[in-house]
Amino acid sequence: MDRSIPVVMGVVNVTPDSFSDGGRFFDADHAVEHALQLAAEGAAILDIGGESTRPGAESVSVDEELRRVVPVIERVAAQSDVAISIDTSKAVVARDSLAAGATLINDITGLAGDAEMLDVVAASDCRVCVMHMRGTPRTMQDNPQYDDVVGEVMGYLAERRNALEVAGVSRDRILLDPGIGFGKNGAHNLELLRRIGEFHELGCPLLVGHSRKRFLGEVLGDPTADRTAATLGVSLWLTSQGVQVIRVHDVRLTVEALKAFHAVASSEP
C-alpha cells in the first residue's frame, strides 16, 4: 500500500450551471471568498473554471469565460500562495489565466479541443492535466460504450502524453486524469477506479475527479442522496492506490479524512 497523502485540489466553479454548486460562486466576490476558504481548509491547488462541464452543458464564449475567471484568478493570486489551476479547453483563456497567476492548465479535452492549446503549454513553464473524455459535455453521456474501458482510456492518455513530450513538455509537468463521469457509465467509472493503480504505468502523476458525481448516487441506490460520504470513501480508496491528486468540493472533510488515514497507515504495528 502507498502510504503517501495525495494533494487535494479544491473546486471553484465560477458558473451559473455546474452540476453540484452552479450559481453559488458565480459572483466574483463570492468565488474569491470561497477559493480562499478552500485554501485555508487545506487545498494545495484551486481549480478555477468558468464553463460548466456537466452532462448536457452548453459551451460559453471565450470573452464570457475570460470575464468570469481572470478577475478571480488575479485576486486569489494576490491574496494567497496557493497553486491555481485554470479549468478550460480554450487556448486564449489558458494563456490569459497563466498571465493572471495560474500555474496549471486542466483541460478536459486532453488538449485536443483547441489546436493552439499545445503551443500555449509548450511556450510556458506551467503544468498541465490531460483528461480523457468521449464526446463533448453535451453528448458524452449518450450511451457511452467501450470494449475495454481501462485499456482504451490508458491508450488515449499515453498518446496525449507522447504528443506533449514531442512538443517539448517534460513528463514531470504532465498529470493524467481518466475522466470519471466524462463519457462513462456507472460500471465504467467503477472499473476505472478499481484498476486505477494500473495507470501508474503511464509514468505521470494521476489526478482523479470523482467528487459528488452521479455514479455515486447509483452506488448508494438513491440518485438524490447526499454524496459527500461516498466521495470520501472513494477518496480513501484512491489514496490507498497511490493517486497523487484528488479533485474535490469538500476540502476540509477530505483533508481531515486523509490525515486520519495516513496516521493509521503509517503507524508502526
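Biologist: In which sense do S5 and S6 pair, and over how many bridges?
Modeller: This is a predicted model, in which local features need pLDDT of at least 70, side-chain atom pairs count only at pLDDT 80 or more, and totals for chains, interfaces and linings use all residues. Residues are numbered from 1 along each chain as its sequence is written, and side-chain values use heavy atoms, with hydrogens and water left out. Helices (H or I, at least four residues) and strands (E, at least two) are DSSP runs numbered from the N terminus, and two strands pair if DSSP finds at least two bridges between them. For S5 and S6, the pairing is parallel, over 4 bridges.

Biologist: Which residue stands opposite Met 131 in S6?
Modeller: Both faces of S6 are covered, with Ile 174 and Leu 176 buried on one side and Leu 175 and Asp 177 buried on the other. Buried means under 20% relative accessible area, exposed over 50% and partly exposed in between (1.4 Å probe, protein chains only). The S6 residue opposite Met 131 is Asp 177.

Biologist: Which strands stand at the edges of the sheet, and why is one side of each left without a neighbour?
Modeller: The open sheet has 8 strands in the order S6-S5-S4-S3-S2-S1-S8-S7, with parallel pairing. Each edge strand has a single partner strand, so one of its sides has no neighbour in the sheet; these strands are S6 and S7 (207-209).

Biologist: What does the twist average from one strand to the next?
Modeller: The value refers to the open sheet of 8 strands. From each strand to the next, the twist averages 25 degrees.

Biologist: At what angle do H1 and H2 pack?
Modeller: Axes are lines fitted to C-alpha atoms, for helices over the stretch in contact, and angles run from 0 to 180 degrees between N-to-C directions. The axes of H1 (residues 28-41) and H2 are 9 Å apart, and the packing angle is about 40 degrees.

Biologist: Why is H1 oblique to H2?
Modeller: Angles under 35 degrees count as roughly parallel, over 145 as roughly antiparallel, 65 to 115 as roughly perpendicular and the rest as oblique. H1 and H2 pack at about 40 degrees. That angle makes the arrangement of H1 relative to H2 oblique.

Biologist: Which residues of H2 make the contact with H1?
Modeller: Contact means heavy atoms within 4.5 Å. H1 and H2 pack with their axes 9 Å apart. H1 contributes Ala 28, Asp 29, Ala 31, Val 32, Ala 35 and Leu 36, while H2 contributes Val 72, Arg 75, Val 76 and Gln 79.

Biologist: At roughly what angle do the axes of H5 and H6 cross?
Modeller: Val 149, Val 150 and Val 153 in H5 meet His 188, Glu 191 and Leu 192 in H6. The two helices are therefore roughly perpendicular to each other. Their axes come within 9 Å, and the crossing angle is roughly 70 degrees.

Biologist: What covers the buried residues of H5?
Modeller: The buried residues of H5 include Met 154, Leu 157, Arg 160, Arg 161 and Leu 164. Their cover includes helix H4 (117-122), strand S5 (127-131), strand S6 (174-177) and helix H6 (186-194).

Biologist: What positive phi does Leu 111 have, although it is not a glycine?
Modeller: Leu 111 is found in the loop between S4 and H4. At 4% relative accessibility, Leu 111 counts as buried. Its positive phi is about 70 degrees.

Biologist: Does Ala 229 count as buried or exposed?
Modeller: Ala 229 is found in helix H8 (residues 228-240). At 59% relative accessibility, Ala 229 counts as exposed.
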